[in-house]
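The points are numbered for reference.

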Amino acid sequence: MTNITVELASCSFCGKHKDRVGNLIVGDGVAICNECVHLCQDLLTDPEHAKTVKHKKTTQLNPREIHQHLDQYIVGQDAAKIALSVAIVNHYKRISSATRNTQIQKANILMIGPTGTGKTLLARTVAEYLDVPFVITDATTLTEAGYVGDDVENLISRLYRASGNSIERTQRGIVFLDEVDKISRKSESATISRDVSGEGVQQALLKLVEGTRCKISAGGGRKSPGSDSIEIDTTDILFVVGGAFVGLDTIVKNRVRGTAMGFGADFSTADQTDAVTPDDLVRYGLIPEFVGRFPSTVSLQSLDQAQLITILSQVKNNLVSQYQWLFGLDEVELEFESEALTEVAERAVANRTGARGLQSEMERVLIPHMYNLAHYREQGQLKVVIDKSQINTPMTCNGNTQ
Ligand SMILES: Nc1ncnc2c1ncn2[C@@H]1O[C@H](COP(=O)(O)OP(=O)(O)OP(=O)(O)O)[C@@H](O)[C@H]1O
Ligand SMILES: [Mg+2]
């Protein structure tokens with residue numbers, strides 16, 4: 001068996017290439033340069049410095065700036081970006097002690113949108129931007145374990161660990177609950193699960209979202225008999241939940257059809273998620289109390305071909321540049337003709353997998369080349385150009401077309 005190791009050539013923190021820094025210390029899957037080591041040292045030894053960085057992040061937040069940050073990584077989805085940035089800013093305004101105002105309700109967010117449109121990416125990117133502890137959890141794992149209470153505790157334990165074991169910071173954190181459509185009452189995944197129904201999980205989450213006191217072990221793990229336990233109040237924790245809600249469009253269409261009594265009513269306007277009402281979500285299988293705790297419903301739209309091309313080749317850390325970097329390690333240049341990119345995007349649109357489909361398309365086309373990279377270099381072939389025909393008929397590993 002051969003072990004494949006990829007040598008890290010850039011700092012995982014600032015992204016600078018090893019040629020541009022004095023030293024690059026490489027660990028298992030991460031690397032840090034001498035400049036970042038010094039910066040970390042300054043932060044650790046100068047508490048005032050560390051404090052001002054944090055202070056700025058949570059009390060001087062501006063929705064426009066959050067939006068701009070999200071724009072670097074996420075294409076389109078403007079409505080979702082705006083709703084998310086405003087909700088985040090309001091949340092921290094609400095809980096900041098200086099301006100505490102009970103009039104502002106906690107605005108937990110529900111994100112609905114087809115697969116591969118950026119729900120999880122949005123959540124991740126915004127949390128990374130904020131200097132607050134955050135956890136992302138898949139709602140289906142709450143179903144699978146079978147012991148709902150324990151899992152909820154586990155979620156808060158993870159948040160506590162992410163906060164550096166600070167009760168105060170944990171209580172201001174963010175929890176992203178993904179795939180929440182899978183815990184609906186009628187969903188197939190709920191019916192095949194054992195004794196815990198989707199409804200049961202929703203019930204357990206209600207208290208957590210609303211605000212409850214949750215006991216976890218002081219070590220950050222689950223509470224076990226005899227261990228010191230601490231109490232976390234979840235009232236000020238922001239919850240963002242997301243799901244693809246496959247089939248919700250039919251519910252919306254049926255409702256529109258039912259209420260549009262007029263002759264020749266236009267049903268085509270019942271776009272997938274635009275017109276979603278709390279009642280539609282209840283019909284889908286969420287319990288009314290759960291829906292009621294997410295006053296901010298955000299719809300993400302399907303991505304069109306032009307947006308998919310931007311995702312492929314222009315956003316920060318896009319797929320094309322990732323593969324170019326990978327080829328570059330073998331000193332081979334990788335180029336895509338623009339028609340090839342258009343074709344990749346077209347195929348992803350046809351597959352209805354959103355941006356999720358882009359990577360599998362790229363892999364399909366590039367694997368034969370990556371297999372042969374060392375061989376190319378030996379032969380003096382230092383450039384690979386991908387044209388449209390290769391997208392439709394990728395090369396085989398022997399260098400022939402299929
Ligand atoms: N709007 C977008 N802009 C940039 N990249 C995107 C966008 N949407 C999706 N992607 C890319 O596609 C991948 C999958 O996206 P993501 O995980 O956010 O999808 P999702 O909406 O959560 O889908 P699912 O419902 O299947 O969980 C991401 O890693 C990201 O690279
Ligand atoms: Mg997701």
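1. For the residue classes used below, Ala, Val, Leu, Ile, Met, Phe, Trp, Tyr, Cys and Pro count as nonpolar, Asp, Glu, Lys and Arg as charged, and the others, Gly among them, as polar. By these classes, the lining of the largest cavity has seven nonpolar, two polar and two charged residues.

2. The model is predicted, with local features requiring pLDDT of at least 70 and side-chain atom pairs pLDDT 80 or more, while totals for chains, interfaces and linings use all residues. Residues are numbered from 1 along each chain as its sequence is written, chains are lettered from A and ligands numbered from 1 in the order in which they are written, and side-chain values use heavy atoms, without hydrogens and water.

3. Spaces were found on a 1 Å grid over the protein atoms alone: a cavity is a set of points where a 1.4 Å probe fits but cannot get out, a pocket is an open set with protein on both sides within 12 Å along at least five of seven lines, and lining residues have an atom within 4 Å of a point. Grid points are joined across faces, edges and corners, and a volume is the space filled by probe spheres set on the points.

4. There is one cavity of 30 Å³ or more. The largest cavity holds about 60 Å³. Its lining consists of Met111, Lys119, Thr120, Ala123, Ile136, Phe176, Leu177, Asp178, Val240, Val241 and Gly242. At least two lining residues come from each of α5 (119-129), β5 (174-178) and β8 (238-243); helices (H or I, at least four residues) and strands (E, at least two) are DSSP runs numbered from the N terminus.

5. The largest pocket has a volume of about 1300 Å³. Of its 35 lining residues, Tyr73, Leu121, Lys316, Asn317 and Gln322 lie nearest the centre. α5, α15 (319-328) and α17 (356-371) each supply at least two lining residues, and α5 gives the most, with seven. The pocket lining comprises 14 nonpolar, 13 polar and eight charged residues.

6. Helices α14 (residues 305-313) and α16 (residues 338-351) pack at about 120 degrees, with axes 9 Å apart. Axes are lines fitted to C-alpha atoms over the stretch in contact, and angles run from 0 to 180 degrees between N-to-C directions. The pair is therefore oblique, the class left after roughly parallel (under 35 degrees), roughly antiparallel (over 145) and roughly perpendicular (65 to 115). The contact (heavy atoms within 4.5 Å) includes Leu308 and Leu312 of α14 and Leu341 and Val344 of α16. By class, this contact has eight nonpolar, three polar and one charged residues.

7. α16 also packs with α17, at about 130 degrees and with axes 9 Å apart, so this pair is oblique. Val344, Ala345, Arg347, Ala348 and Asn351 of α16 meet Leu358, Glu361 and Arg364 of α17. The contact of α16 with α17 has four nonpolar, one polar and three charged residues.
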